[in-house]
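Hi there,

Here is the structure I promised to pass on to you. Have a look at it first, and then read on for what turned up.

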Amino acid sequence: QVQLVESGGGLVQAGDSLRLSCAASGASGKVYGMGWFRQAPGKEREFVAAISWSGRNVYYSDFVKGRFTITRDNANTLDLQMNSLKAEDTAVYYCVGGSYSGINTDADKYEYWGRGTQVTVSS
């Protein structure tokens, strides 16, 4: 059974940095492409970043490009380095995984979701 667990969220001030991590268990042979989504109160869920199974291809939302970096240590681990955080980055961040091997920005294409970790940025 696939399980994704996020960690690293917290309360920071604008301009600070945080690193989110995602640990995957039971993912071998099931999880390939991975990514991050976020959802703020009263707003729709939105794509943040994605990375291919090989780690060679990455893609970012325009809202975070240049500030966030997505990486993976292997097929079953995922990190999101967040720099220059803004108040509008405040949201619950979700680690996601899918059976495809490439990049996907569509939430519906990800089969596995973590429970989320809260990131709060004060201005």
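**What turned up**

Please keep in mind that this is a predicted model. Within the chain, residues 24 or more positions apart account for 60% of the contacts with a separation of 6 or more.

Let me begin with the overall picture. With 123 residues, a compact globule would have a radius of gyration near 14 Å, and the 13 Å of the chain agrees with that. Along the principal axes, the C-alpha atoms fill a box of roughly 40 × 25 × 25 Å.

A few words on burial, surface and charge. Of the 123 residues, 41% are buried. The accessible surface is about 6500 Å², and carbon and sulfur atoms hold 44% of that surface. There are 12 positive and 12 negative charges, and their mean positions are 3 Å apart.

A search of the whole structure gives seven aromatic pairs.

Tyr-94 belongs to strand β9 (residues 91-97) and Trp-113 to strand β10 (residues 112-113), so the pair ties together parts that are 19 residues apart in sequence. Trp-113 counts as partly exposed, because its relative accessibility is 27%.

The other is Tyr-100 with Tyr-110. Here the centres are 5.2 Å apart and the planes are at 70°, which makes this pair edge-to-face. Both Tyr-100 and Tyr-110 sit in the loop between β9 and β10, so the pair ties together parts that are ten residues apart in sequence. Are these two tyrosines buried or exposed? Tyr-100 has a relative accessible area of 17%, and the cut-off for buried is under 20%, so Tyr-100 is buried. Tyr-110 is buried with a value of 4%.

Which residues make up the aromatic cluster? Phe-37, Phe-47, Tyr-59, Tyr-94, Tyr-100, Tyr-110 and Trp-113 form one cluster.

Best wishes

Methods
Residues numbered from 1 in each chain as written. Predicted model: local features only at pLDDT ≥ 70, side-chain atom pairs only at ≥ 80, totals over all residues. Heavy atoms only, no water. Rg over C-alpha atoms; globule rule 2.2 N^0.38 Å. Buried < 20%, exposed > 50% of the residue type's maximum accessible area, 1.4 Å probe, protein only. Contact = heavy atoms within 4.5 Å. Areas by Shrake-Rupley, 256 points an atom, 1.4 Å probe, with all protein chains shown as cover. Lys, Arg positive; Asp, Glu negative; His and termini not counted. Charge placed at Lys NZ, Arg CZ, Asp CG, Glu CD. Phe/Tyr/Trp six-rings, centres within 6.5 Å; stacked < 30°, edge-to-face > 60°. Helix = DSSP H or I, 4+ residues; strand = E, 2+ residues; numbered from the N terminus.
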